[in-house]
Amino acid sequence: MADAHAAFHAREALLPEGWASDVRIEVADGRIARIETGSDPRREDERLAILLPGMPNLHSHAFQRGMAGLAETRGRSDDDFWGWREIMYRFVGRLTPDHLHAIAALAYMEMLEAGFTRVGEFHYLHHDRDGNAFGDPAEMSAAIVAAAADTGIALTHLPVFYAHAGFGGTPPGEGQRRFVHDLDGFARLLDRLPDVLATLPDAVLGIAPHSLRAVTPDELAALVPMAEGPIHIHIAEQMREVADCLAWSGRRPVEWLLATMPVDRRWCFVHATHMTGAETAEMAARGVVAGLCPITEANLGDGLFPAIDFLVAGGCWGIGSDSNVLINMAEELRLFEYGQRLMTRSRTMLAPPGASCGASLYRGALVGGAQALGAPAGLAIDAPADFVTLDRDHPALAARSGDALLDGLVFAARQGAIDSIWRRGRRVVADGRHFDRACIVNRYRRTLAEIVE
Ligand code: ZN
């Protein structure tokens, strides 16, 4: 990895208050120490053309990158999320900590190349292949941390509490044996994690009750006070989950959670696809971040999030790559918008009147993603110097400035528009390639050859 630079000069930069020209940024200890606009470059400055803040990826299961494209053969009967989950359980049954390290390194490298500078790792693969706990309860978390360290991505680690197969405390199935904890076991994992994360410069620790299927109300009530950071949960991703929740409690999943738990801005509801108007309005009013994963939700046939109502209600949202079937930040934003266009048979749905859609999407995902990951948002004093720079010569950006650059990036660029990625002032991606790409890909290919039959 290259040395950190202490000063940058950008011709155009997206600051929290909007676009600015001739922006000088000084960096100390990996953080932004000073920002000046309308400033001449100095000799020592690293010169940049177009500077954006790095994008948070608020929801990832890194290991699933290794099965990307392996679940696309049509089954004999109806194929849906639940059929995909059986293939995922078979894949997960084979992974060692070294395998996880290699696969996560590939995923995190691809995230950086795509413009994601922080990942929220929703981590539920805790135990050994036979389902027994490792001697160190954080053995698998350590593999995730090692992959973050190798690649340079910032990590918000979200260890998952998972105990049951269905609503009402159903015992876990065989395919879930590597995921499950009781509350004491989970507390031991949480105690251990600060030491494991201490090797990363700006890691954040949250928790993730997996879903209302996997956690009983009593367990959820015990987990919430354990959280010192963000709280993430999968919710209302599937119609069957909504029906099962109604049968169990008489309430829909989001309705149940909002009525029963102290839900506030610390929470991220991942997917929240199937909601009524009342649930959507209440979720927005509480300041909960909607964790949207458009590529995965399309791949799994989940449905479309009620984005228009949620945004009208002032809701906060971010994007995640979830199953990592394809890691592409611009495409997540594009598909989020296009889903709403297809549903409403209309255009430019997710921007206020008169505003750029690409810029509204980029800013929305930036602010909501940072809130969900417990990290500062954007190019601001004390935030990490995590930068995305665009290629001024890319055809999709020709003759554009300001918000039109983000429309070009989101809607018109096939690839290559992202030039460099900087983490804490160090360049980790140059000309679109991660500094350790060859090594990471070789290790990944050897790993996949061991796992995939
Ligand atoms: Zn997920």
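Is H181 buried or exposed in this model? H181 is buried, because its relative accessible area is 11%; buried means under 20% relative accessible area, exposed over 50%, and partly exposed in between, using a 1.4 Å probe and protein chains only.

Before I go on, two sentences on where the values come from. This is a predicted model, in which local features need pLDDT of at least 70 and side-chain atom pairs count only at pLDDT 80 or more, while totals for chains, interfaces and linings use all residues. Residues are numbered from 1 along each chain as its sequence is written, and side-chain values use heavy atoms, with hydrogens and water left out.

Back to H181. It sits in the loop between β7 and α4. Helices (H or I, at least four residues) and strands (E, at least two) are DSSP runs, numbered from the N terminus. Not counting residues up to four places away in sequence, H181 touches H126, H127, V160, F161, Y162, A163, F186 and L189. Contact here means heavy atoms within 4.5 Å.

Helix α4 covers residues 183-197, which is 15 residues. From its first C-alpha to its last it reaches 21 Å, close to the 21 Å expected at 1.5 Å a residue. The expected span is 1.5 Å times one less than the number of residues. There is a kink of about 25° at D191, shortly before the proline P194. The bend at a residue is the angle between axes fitted to the seven residues ending there and the seven starting there.

The C-alpha atoms of R192 and A138 are 6.7 Å apart, although 54 residues separate them along the chain.

Next, the strands. Strand β6 (residues 116-123) is mostly covered, with eight of its eight residues buried. On one pairing, four bridges join β6 to strand β5 (residues 55-60), and the two run parallel. Two strands pair if DSSP finds at least two bridges between them. P56 has R118 in β6 as its bridge partner. β6 also pairs with β7, again in the parallel sense, over six bridges. In that pairing, E121 stands opposite H157 in β7.

Now the metal. Which residues are the protein donors of the zinc ion? They are H59 (NE2), H61 (NE2), H234 (NE2) and D322 (OD), lying 2.1 to 2.6 Å from the zinc ion. Donors are N, O and S atoms within 2.8 Å of the metal (3.2 Å for Na, K and Ca), and water is not among the atoms, so sites may look incomplete. Along the chain the donors follow the spacing H-x1-H-x172-H-x87-D.

The angles among the four donor atoms run from 84 to 174°, and the site is irregular. Four donors count as tetrahedral if all angles lie between 85 and 135 degrees; four count as square planar and six as octahedral if opposite donors are over 155 degrees apart and all others between 65 and 115; anything else is irregular. H59 is buried because its relative accessible area is 0%. H61 is buried as well, at 3%.

S321 lies in the loop between β13 and α11. S321 counts as buried because its relative accessibility is 1%. Leaving aside neighbours within four places, S321 is in contact with N57, H59, S60, M111, T296 and E332. One of these, T296, is 25 residues from S321 in sequence and 6.9 Å away in space, C-alpha to C-alpha.

N324 is in the loop between β13 (316-319) and α11 (329-344). Its phi is near 60°, a positive value in a residue other than glycine. N324 counts as buried because its relative accessibility is 0%. D431 also has a positive phi, near 50°, and is likewise a residue other than glycine. D431 lies in the loop between β16 (426-430) and β17 (433-434). Is D431 buried or exposed? D431 is exposed, because its relative accessible area is 68%.

That is the end of my part.
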